[in-house]
Amino acid sequence: MNNFRNFLRALTAVVRKDLTAEWRSRELFTAMLVFALLVILIFNFALELDARARTSVTSGVLWVTFAFAGTLGLNRSMATEKDRGCLDGLLLAPVDRSAIYFGKAIGNLVFMFVVELVVLPVYSVLYNINLFRPELLLIILLGSIGYVAVGTLLSTMAVQARTRDILLPILLFPLVVPVLIAAVRASGGILQDFAWEEIQAWVNLLVVYDVIFIAIAFMFFDYVVEE
Amino acid sequence: MKFSQLLTLRFPQNMITVKKLIKRFGPKTVLRGLDFEVAAGEFVALLGPNGAGKTTFLRILSSLSRPAMGEVRVAGYQLPNQAAAVRRRLGVVSHQPLLYGDLTAEENLRFYGRMYAVAHMDERISEVLEMVGLYPRRSDLVRTFSRGMQQRLAIGRAVLHDPEVMLFDEPHTGLDQDACIMLDGVLREVAAKGRTVVMTSHDLARTADLASRFDVLSKGKIVDSAGRDRVAPNDLLAFYRGALKN
Amino acid sequence: MEQKPRWLNILDTLTAILFVVSVFLVFFYAPMERTMGAVQKVFYFHVATAWVGMLGFLVAAVVGVFYLIKGERKYDIMGLAAIEISLIFFFIAIIMGSIWARPIWNTWWTWDPRLTTATIVELIYAAYMMLRQGIDDPDRRARFGAVYAVLGFVSVPLTFISIRMLRTIHPVVVGNSDPGAEGSFSMTGPMKTAFFFSLFTFSVLFVDLFWHRVRMGKLAAKVEELRLKITA
C-alpha cells in the first residue's frame, strides 16, 4: 500500500512537472498544433478534399495528422529529459522506474489529446463535418493510448542514440500499424454512421493492442533506461 | 530495522566500500579491479587523467550503472541490489545540472522534493535556496540562469533530501573564477555537516583546499592515496605526477 | 585461431546434400500442378523461405529475452545473426511470391494481408538494424536491440490480424482454406513430400547459416577485444 502511494506520488510529480513546463513555454503544444494544421492543409491540396472525398478519407487524414504530430511531441518531450541530463536526475530518485514511464506516458498522452481536441473543431469548421461525437472521441483516446504507450518507450530509446532525430518515426511507425488501421477503420465507420456492431471488432483490437503494449512497455522500460 | 542498517550503525567508519570492481563497455574494460574505501565524514578528491574511468566509477557509485563484477556498498547497502535504499541516501552533482530549463528554481526543487518524498517541503526548499544563494531568484526560470547559478542550484537539488553521501562529478566544469569560488563555498558548507563526499576533478588547485584525502585513479585502478596531512597543497601536483608515473 | 568445428563441416555437407535432394524432389518427383503449371514450383521454396524468416525472428525475440535476463554477450550475437539471416530470407520469400503472383493473380503486387504484413515485418527489422547502427555503446546497443526484437515480434500477429480484417485473397494451402481464394490448390502425396522436405531442408539451412553467423560474430568480438588490447 505504502509502495503504491510512493508510486503514485512519483508518477504525479512527473506529470505535473511536464505539464507545468509545457504550460510555461507552450513550445511543444504550438509545434504539434501548427504542424498538424499544416499536414491537414497539405492533404487538402494533395487529395482535393471535396464533399464526396471527405466522408471516405477524413478518418485517414485525421490519423495521419495525429501520428505525425505525435512523433514530434514524443521526440521533444524526451529530448528535454536528455538535454540537461534530467533523465539521470529522474533515475537517481528512489522511485520505481515504471512510475517514470507512466508519468512520461501520461504527460505525452495529455499533449496529444489536447492537440487532437483542437484539431477536431478546426477540421469540422473547415470541411463542414461534425466530428464531435462521443464514440469518435473514445476511438481517438484508445488509439492515442496505444500510440503513446509504444511511443514513450521507443522515444526513450531514440534519444539515447546518435541518430536520435530521425530514429523515432522509423522505429515507431511499423509497430503502430495495427493501431492506425484499427483507429482509421473505426473512426471511418463512425463518420459514415455504421452500426456499433460493425466497428466493435476494431475497438476490440485497439483495446487488445493497448493492453498488450502497456504491459510490455511496463516490463521493458527498466532495460531501456538502466545501464 | 534491517540487519544491514544495524551494521552501519555499529561500524560507521566506512560509508563507501568498493572491492575488486570491474566494469566493461562491450570489449573495453574501463575499471580493472578497483578497491576503494571512504570513512564517514571524509571528503575524497578523485584525481586522474581523462579516460581513467572517473565518471564511470562515479556512475556506478550513484547506482546509474551496474558493476560487471566486484562488491560495491554505499551507506551500508549493496549495489545494484539495494539501489533504492542507496538512492535515498545519496546526493549527486554531475557536470550537467539535471535541471529543467522551463521550470523556476523553486519548481525544480519542488519536483525533486516530491520524487524524494521530502518532509516539510516549503521550509526545506527555502532553506536550500538560501544556502546556495539563489533565494532572491527563486521564481526565475532556470533557463535564464548563468552556468554558475545552475550549478549551485544543482547542488541545492542534490542536498534537498539531506543525503549522507554526496558525489560530485567535475562540478567546476565550465565555470569562471568567481563562480568557482562561490561554488567552493557551497561545497564546503555541504561537506561540513558530517557528510561523506567523493569528488572527481582534474583541477588540482581547486581540490587542494577542499578535500581531506586525495586518490589518484589511472587505467581503471586507484594507484595512490594520501591524506591531507601527508600532502601539502603545494606538493599536490608532485604527488599526482608521481602516482601516475608508477 | 579457433578451428572450425568438425560438426559444422558435417552440417555444411549435410545441408548441401539436402538441398540437392530437395531441388530434385521439387522438380522431378512432385507432379506438375494442373492449372498453374511450372510456376507453382516456386511455392515449395517460397513457403520454406518465409518459414525460415519467421523462425529467425522468433529466435531473435527469444534470445532477446535471454539477453535481458542474463546480460551475456552471446545472446546479443545470436539475436543479430538470426535477424540478419531472416531479413534476407524474408526478402527472398517476398520476391518469390511476386514471381508466383504475376501469372496467377495477374499482378506483381497486391495489398493482400500476408504480403502487406511481410512488408511491414521487413520494415520492422530494417528499423532494428538502423537502431543498432545508431548506438555506439555495445551494451546499450544489445539491450535496445533485444527490447526492439521482442516488441517487433509481438506486434506481427496484431498487424496480421488488423490487415486480414481489411481484406484477403491469399490462398491458405495448409490448414483450413477459403475456397474462394484465387490460386489455391490441394496438394497430392508427392507434392506434400516435396513440400515438407523443402521445409526441413530450409530449416537445416537456417541452422547452418545461423551457426556460421554466430561464430563470425564471436570472432569479430574477439578481434575487437584484441585490437583494444594493442591500442591500450
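This dialogue walks through selected features of a predicted model.

Visitor: What are the ground rules for numbering and for confidence?

Guide: Residues are numbered from 1 along each chain as its sequence is written, and chains are lettered from A and ligands numbered from 1 in the order in which they are written. The model is predicted: local features need pLDDT of at least 70, side-chain atom pairs count only at pLDDT 80 or more, and totals for chains, interfaces and linings use all residues.

Visitor: How much of chain C is buried?

Guide: A residue is buried if 20 or more other C-beta atoms lie within 10 Å of its own, exposed if 12 or fewer, and partly exposed in between; the C-beta atoms are placed from the backbone. In chain C, 35% of the 232 residues count as buried.

Visitor: What share of the contacts in chain C join residues at least 24 apart?

Guide: Two residues are in contact if their C-beta atoms, placed from the backbone, lie within 7 Å. Take the contacts in chain C between residues at least 6 apart in sequence: 77% of them join residues at least 24 apart.

Visitor: How should I read an interface, and how many residues of chain C are in contact with chain A?

Guide: The size of an interface is often given as the accessible area lost when the parts come together. Here we count residues instead. On the chain C side there are 26, in contact with 22 residues of chain A. Helix H4 (113-133) and helix H5 (138-166) of chain C each supply at least two residues of that side. H5(C) gives the largest share, 16 residues.

Visitor: What is the class make-up of the side of chain C that touches chain A?

Guide: Ala, Val, Leu, Ile, Met, Phe, Trp, Tyr, Cys and Pro count as nonpolar, Asp, Glu, Lys and Arg as charged, and the others, Gly among them, as polar. That side of chain C has 18 nonpolar, five polar and three charged residues.

Visitor: Now helix packing. At what angle do H5 and H6 of chain A pack?

Guide: Axes are lines fitted to C-alpha atoms, for helices over the stretch in contact, and angles run from 0 to 180 degrees between N-to-C directions. Helix H5 (residues 97-127) and helix H6 (residues 134-158) of chain A pack at about 135°, with axes 9 Å apart. That makes H5(A) oblique to H6(A). On the scale used, angles under 35 degrees are roughly parallel, over 145 roughly antiparallel, 65 to 115 roughly perpendicular, and the rest oblique.

Visitor: Which residues meet there?

Guide: Among them are A:Tyr101, A:Leu109 and A:Phe113 in H5(A), and A:Ile140, A:Val148 and A:Thr152 in H6(A). The residues of this contact divide into ten nonpolar, four polar and two charged.

Visitor: Is A:Ile42 buried or exposed?

Guide: A:Ile42 counts as exposed, because it has 12 C-beta neighbours inside 10 Å. A:Ile42 is in helix H2 (residues 27-47) of chain A.

Visitor: On to strands. Which way do the residues of E3 in chain B point?

Guide: In a regular strand the side chains alternate between the two faces of the sheet. B:Phe43, B:Ala45 and B:Leu47 point one way from E3(B), B:Val44 and B:Leu46 the other way, and all are buried. Strand E3 covers residues 43-47 of chain B.

Visitor: Which strands does E3(B) join?

Guide: Two strands pair if DSSP finds at least two bridges between them. Five bridges join E3(B) to strand E8 (residues 196-201) of chain B, running parallel. B:Leu46 has B:Thr200 as its bridge partner in E8(B). Four bridges join E3(B) to strand E9 (residues 213-218) of chain B, also parallel. There, B:Leu47 has B:Val216 as its bridge partner.

Visitor: What is the strand order in the open sheet of four strands in chain B?

Guide: The order is E2-E1-E4-E5, with antiparallel pairing. Strand E2 (28-39) and strand E5 (77-79) of chain B stand at the edges, each with a single partner strand, so one side of each has no neighbour in the sheet. The twist averages 25° from one strand to the next.
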